[in-house]
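This report describes side-chain contacts in one protein structure. It turns to aromatic rings and then to charged groups.

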Amino acid sequence: ILPDSVSFIGRSAFEDCIYLKSVHLPNNPNMTFDGYQTESIFKRAGITYLNVPDKWTKIPHSFCQECKQLVRLNIGSGVKSIDFYSFSLCSALGLDRYPLIIPDNVEVIKSGAFGFTEINAIVIGKGVKDIYSYAFGNLPHDFNSLTLSCKEVTIHSEAFGGGVNLQ
């Protein structure tokens, strides 16, 4: 458990902590995410479920990249940006067969954010304005449901590219 008083978690702080199965993230509105200094915080950790707090505004670069046991993710209501490769290569993400919900407050989903996962259904909220290239690249062949609630969105080339079988 990381107390709510924590306002900064440094680069690779919990990287390769394969026995870390659960983490309670601080619900601190002053959480600082400063580019290179905060990337790869939980890269390759053993986390199975993650709840991103409501008071966070950003999910940093490579935040949980390659967390191969991460099955389920809840994105908090304050998150506006999901950075590059945040959950890429999380090969179990979506195996529970629940859709990934991108809440209405999220505005930007950057490249590779959810690439190479097992997500088979996505619901994208009405606040999304930008979906970068390969944000959802190389999803499984049984990916079959995409719900876009946003009114005006820029979907960059190959945003859902590589292996996606939407009909």
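Predicted model: local features only at pLDDT ≥ 70, side-chain atom pairs only at ≥ 80, totals over all residues.

The rings of Phe 114 and Phe 136 form a stacked aromatic pair, with 5.3 Å from centre to centre and 5 degrees between the planes. The angle of 5 degrees falls under the 30 degrees that set the limit for stacking, and the pair is therefore classed as stacked.

The pair connects distant parts of the chain. Phe 114 belongs to the loop between β6 (108-109) and β7 (121-124), whereas Phe 136 belongs to the loop between β8 and β9, and 22 residues separate them.

In total, the structure contains ten aromatic pairs. Another of these joins Phe 84 and Tyr 132 in an edge-to-face arrangement, with the centres 5.9 Å apart and an angle of 75 degrees between the planes. Phe 84 is found in the loop between β4 (81-82) and β5 (100-102), and Tyr 132 in the loop between β8 (130-131) and β9 (145-148); the pair therefore ties together parts that lie 48 residues apart in sequence. Phe 84 is partly exposed, at a relative accessible area of 28%. Tyr 132 likewise counts as partly exposed, at 25% relative accessibility.

Ring pairs also build a cluster, which consists of Phe 14, Phe 33, Phe 42, Trp 56, Phe 63, Phe 87, Phe 114, Phe 136 and Phe 160. The stacked rings of Phe 114 and Phe 136 are thus members of this cluster.

## Arg 72, a ring and a salt bridge

Arg 72 takes part in two kinds of contact. Its charged end sits over the ring of Tyr 98, 4.0 Å from the ring centre. Arg 72 also forms a salt bridge with Asp 96, in which the closest N and O atoms are 3.2 Å apart.

The structure holds eight salt bridges. One of them joins the side chains of Arg 44 and Glu 15, at 2.7 Å from N to O. Arg 44 and Glu 15 each lie in the segment before β1 (49-51), and the pair ties together parts that are 29 residues apart in sequence. The relative accessible area is 28% for Arg 44, which is partly exposed. Glu 15 is partly exposed as well, with a value of 23%.

Asp 83 and Lys 58 form another salt bridge, their closest N and O atoms being 3.3 Å apart. Asp 83 lies in the loop between β4 and β5 and Lys 58 in strand β2 (residues 58-59), so that distant parts of the chain, 25 residues apart, are linked. Asp 83 is buried, with a relative accessible area of 7%, whereas Lys 58 is partly exposed, with a relative accessible area of 22%.

Technical notes. Residues numbered from 1 in each chain as written. Heavy atoms only, no water. Phe/Tyr/Trp six-rings, centres within 6.5 Å; stacked < 30°, edge-to-face > 60°. Helix = DSSP H or I, 4+ residues; strand = E, 2+ residues; numbered from the N terminus. Buried < 20%, exposed > 50% of the residue type's maximum accessible area, 1.4 Å probe, protein only. Lys NZ or Arg CZ within 6 Å of the ring centre and 35° of its normal. Salt bridge = Lys/Arg side-chain N within 4 Å of Asp/Glu carboxyl O.
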